[in-house]
Amino acid sequence: MSSLLNESQLVHEAAVVWLEDPNAFDYVRQALDKTARRTGKPRYARDGRMVGYVELDKDAEASPDSGLFQRRTFFLLPHDRPNDPEGLYKEGAPGEAVDPRTIQPRRVGEKTPRSQGELAAKIAPTPSAGPAMMGP
């Protein structure tokens, strides 16, 4: 698993499969995991839950050393903001957090103000104008 991904590692990605609606999350964690198959839901062995993954094209080759394919998975841990809005990541985000709206095949997901928790901090309730003045 690596949180520092580059696009050369993603050249054989064919599709992103979401298990949950990505629009429901400010961020997801992305990791490059080794899996036995190019397609289908990979095994998940972390705390929390997998919310998406990529499928590889038919030209993707397994590593000669391990016989496994490298595929991105997208996940959330129990202490992440979507699961615990008032917790550790109420503001800020983990290093591998990216905005799910920026995830596409063959492109590394991006950090955005939303994914980094900056949007919520900047949106303050608008002060009301007070009661309307009534004339005589």
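This report describes the fold, the aromatic and charged contacts, and the pockets of one predicted protein model.

The model is predicted, so that local features are given only where pLDDT is at least 70 and side-chain atom pairs count only at pLDDT 80 or more, whereas totals for chains, interfaces and linings use all residues. Residues are numbered from 1 along each chain as its sequence is written, and side-chain values use heavy atoms, with hydrogens and water left out.

## Overall architecture

Helices (H or I, at least four residues) and strands (E, at least two) are DSSP runs, numbered from the N terminus. Of the 136 residues, 35% count as buried, where buried means under 20% relative accessible area, exposed means over 50%, and partly exposed lies in between (1.4 Å probe, protein chains only).

## Around F75

Aromatic rings of Phe, Tyr and Trp (its six-membered ring) pair if their centres lie within 6.5 Å, and planes under 30 degrees apart count as stacked, over 60 as edge-to-face and the rest as tilted. By this rule there are three aromatic pairs. In one of them, the ring centres of Y44 and F75 are 6.2 Å apart and the planes stand at 55°, so the pair is tilted. This pair links distant parts of the chain, for Y44 lies in the loop between β2 (28-35) and β3 (49-56), while F75 belongs to strand β4 (residues 69-76), 31 residues apart. Y44 is partly exposed, with a relative accessible area of 24%, whereas F75 is buried at 2%.

R46 lies over the face of F75, at 4.1 Å from the ring centre; a charge is taken to sit over a ring if NZ of Lys or CZ of Arg is within 6 Å of the ring centre and within 35 degrees of the ring normal. M50, in strand β3, is 25 residues from F75 in sequence and 4.2 Å from F75 in space, C-alpha to C-alpha. M50 counts as buried, at 7% relative accessibility.

## Salt bridges

A salt bridge is a side-chain nitrogen of Lys or Arg within 4 Å of a carboxyl oxygen of Asp or Glu, and by this rule the count comes to eleven.

| Salt bridge | N to O distance |
|---|---|
| R72 and E13 | 2.7 Å |
| E20 and R49 | 2.7 Å |
| E86 and K90 | 3.0 Å |

In the salt bridge of E20 with R49, E20 lies in the loop between β1 and β2 and R49 in strand β3, so the pair ties together parts that are 29 residues apart in sequence. E20 counts as partly exposed at 26% relative accessibility, and R49 is partly exposed at 28%.

For the salt bridge of E86 with K90, E86 counts as exposed at 59% relative accessibility, while K90 is partly exposed at 42%. Elsewhere, salt bridges that share partners join D26, R81 and R114 into one network.

## Pockets

On a 1 Å grid over the protein atoms alone, a pocket is an open set of points where a 1.4 Å probe fits, with protein on both sides within 12 Å along at least five of seven lines, and lining residues have an atom within 4 Å of a point. Grid points are joined across faces, edges and corners, and a volume is the space filled by probe spheres set on the points.

The largest pocket has a volume of about 230 Å³, and its lining includes Y44 and R46, described above, as well as D33, K34, R37, K41 and R43. By class, this lining has four nonpolar, one polar and six charged residues. Here Ala, Val, Leu, Ile, Met, Phe, Trp, Tyr, Cys and Pro count as nonpolar, Asp, Glu, Lys and Arg as charged, and the others, Gly among them, as polar.

The second largest pocket has a volume of about 190 Å³ and is lined by 14 residues, of which Q9, H12, L56, E61 and Q70 lie nearest its centre. Its lining has seven nonpolar, five polar and two charged residues.

## A backbone detail

R106 has a positive phi of about 70° although it is not a glycine. R106 is placed in the loop between β5 (97-98) and α1 (118-122), and is partly exposed, with a relative accessible area of 42%.
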